[in-house]
Amino acid sequence: MKTNAISRRSAIQSVLGVAGMTAIALPKASYAAAAAPEPFRAYGQVKITKLETFLVKPRWIFLKIHTDAGGIYGLGEPLLEGRALTIATAIKEVEPYLIGKDPRQVVHHWQAIYRHAFYRGGPILTSALSGIDHALWDIKGKLLGVPVYELLGGPTRDRVRIYGRASNAEQIKQRKAEGFTVIKTGVAKINPANIVENPKFIQYAADNFASLREAGGLDMDIAIDFHGNISPQTAKVLIKELEQYKPMFIEEPCQAQNVDTMVDIARGTHLPIATGERIFTKWGFREILEKGAASIIQPDLCHAGGITEGRVIAGMAEAYYVPIAPHNPMGPISLAVGLNLAASIPNFLVQEQVSLGEGYLKEPFKLQSDGTVMIPQKPGLGVELDDEQMKDKIGHDWKNPETYNALDGSVVDW
C-alpha cells in the first residue's frame, strides 16, 4: 500500500512537472496557439486591411471588411433607416481600432467597440457595431469553410419560415399563391391616428383586418404591426376589436421604450404581444422579458448588436419561454444574418424579409412551397453580392417619412 501511494505521488508530481515546464515554455500572447496544418492560422496571422461602406437602393447600407487572407472579406448590413450617412461615419470612426487586428476574435472586438465608448449603446453605435459583427462572423466562417450557424453549435432546423406583406385582400391572395404562410400587415387608416380615436377609425381598421382573414383563410398566420404610432389609449380598444379575428401577434402596440404601458396592454389581452425592433443589446431586452411586456421578441440584428448579441438575446428569451421573430425590413445580407441565427437557436418563430436577394445576390434565396427558405450552405453568411446587377443600385438619399395631424398640422409618429 505504501509503495502504491509513493508510486501515485511520483506519477502526479511527474505530470505536474511536465505541465509546469510546458506552461513556462508557452508564448505569452493571450491567443497563442500550437502549430496546425493549413487552413488554420494562428491568431494574429490574419489581419483586417480596410472597411468599405456603400449606400444601396432603396435605403440600405452595405459593409465590406477586407483582410489580407487571400481575398477573403466579410459582408455586413449596418443599417439605420434614414441615417445611412451617420452610420457610415460611425463605422469610419471605428475603423482605426480594427485595422491590423485579427478578424476572428469576434466577441473580443464586440466588447472592445461597445465598452470603450464612454456613451454606450443607442441606435447609432449599436447599428454600426451590428454590421461590423456580421462581417466578422462572415470572415470567420469563410476562413474555416463552414456556415456561421455551424460556429454557433450547428443547425437546429434545415429551413426557416419567412413572412411577406399585404395590406388588402387581393395582396394576401397573391402572397398565398406565391407560397407564403405568414403575412404581416399594418393598421388600416385614412389619416394618422389621434391619441383617442372614434368608433369609425376602429371599425375601419378592424374591417380591413377581417377582409384579410377571410381572404387568407384560417390556415394563414396574419400578424398586425401597430408600429408604435397608435397611442395606448386607442391600442387597447383596437386590440379588443381584433381579438375575434385571431391575429398571430400584435407588434409594437405602443412605443417600445414605454415598457410598463406595454405590460398593461399585454395583461389586457390573450393575443401575443411582440416588440424589439427599437431595442438594443441584451440590456434593453432584459426589462421586457423580466416584466412580461412581450411574449414574442423581435431583435433587429442590424441594430441590436449583430449575431453575437442576437444569440445572447435568444438565450435570455428561451429562459422565459419566449420565441424570437427577427425584425428585418432590410436587405439580403440582413436576411442571411437572420437565417444563420434562426438555424442555430431552438426558440425561433418566423423571419421577416422584404428581399430574397434578386438583383443583389449571385444566388438569391428561394421561397419554398411550404413558405420557407432553406438555410445557407456556403461558408460564412452564405451569400455573395452580384456587383454587375448592383451597378444601378448604388447610392440613395432615402429619408424617413414626415407625418402630420390632418386637423391641426402637429407632428405625429409615422
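Strands S2 and S3 are joined by 4 bridges and pair in the antiparallel sense; two strands count as paired if DSSP finds at least two bridges between them. Helices (H or I, at least four residues) and strands (E, at least two) are DSSP runs, numbered from the N terminus. Within this pairing, His66 stands opposite Tyr73 in S3. The model is a predicted one, in which local features need pLDDT of at least 70 and side-chain atom pairs count only at pLDDT 80 or more, while totals for chains, interfaces and linings use all residues. Residues are numbered from 1 along each chain as its sequence is written, and side-chain values use heavy atoms, with hydrogens and water left out.

pLDDT is the predictor's confidence in each residue, from 0 to 100. The chain averages a pLDDT of 91, and 90% of the residues score at least 70. Residues 1-38, by contrast, have pLDDT under 50 throughout, and the model has 6 contacts beyond four places in sequence for them; contact means heavy atoms within 4.5 Å. Where pLDDT is low, the predicted coordinates should not be read in detail.

The sheet can now be followed strand by strand. Strand S1 (residues 48-56) and strand S2 (residues 60-67) run antiparallel and are joined by 8 bridges. Ile48 is placed opposite Thr67 in S2. S1 and S2 form a hairpin, with 3 residues between them. Another backbone feature is found at His227, in the loop between strand S6 (221-225) and H8: phi of His227 is near 60 degrees, a positive value in a residue other than glycine. Most residues other than glycine have a negative phi, and most peptide bonds are trans.

Taken together, the strands make an open sheet of 3 strands in the order S1-S2-S3, with antiparallel pairing. S1 and strand S3 (73-76) stand at the edges, each with a single partner strand, so one side of each is left without a neighbour in the sheet. From one strand to the next, the twist averages 20 degrees.

Two helices accompany the sheet. Helix H2 (residues 84-98) lies across S1 and S2, and runs at about 180 degrees to S1. Helix H4 (residues 122-144) packs on the sheet, where it touches S1, S2 and S3, and its direction makes about 140 degrees with that of S3. For these values, axes are lines fitted to C-alpha atoms, for helices over the stretch in contact, and angles run from 0 to 180 degrees between N-to-C directions.

H2 and H4 also pack on each other, at an angle of about 60 degrees and with their axes 9 Å apart. H2 and H4 are therefore oblique to each other; angles under 35 degrees count as roughly parallel, over 145 as roughly antiparallel, 65 to 115 as roughly perpendicular and the rest as oblique. Thr86, Ile87, Ala90, Ile91, Val94 and Leu98 in H2 meet Ile124, Ser127, Ala128 and Ile132 in H4. By class, the residues of this contact are 8 nonpolar, 2 polar and no charged, where Ala, Val, Leu, Ile, Met, Phe, Trp, Tyr, Cys and Pro count as nonpolar, Asp, Glu, Lys and Arg as charged, and the others, Gly among them, as polar.

The contact of H9 with H10 has 3 nonpolar, no polar and 4 charged residues.
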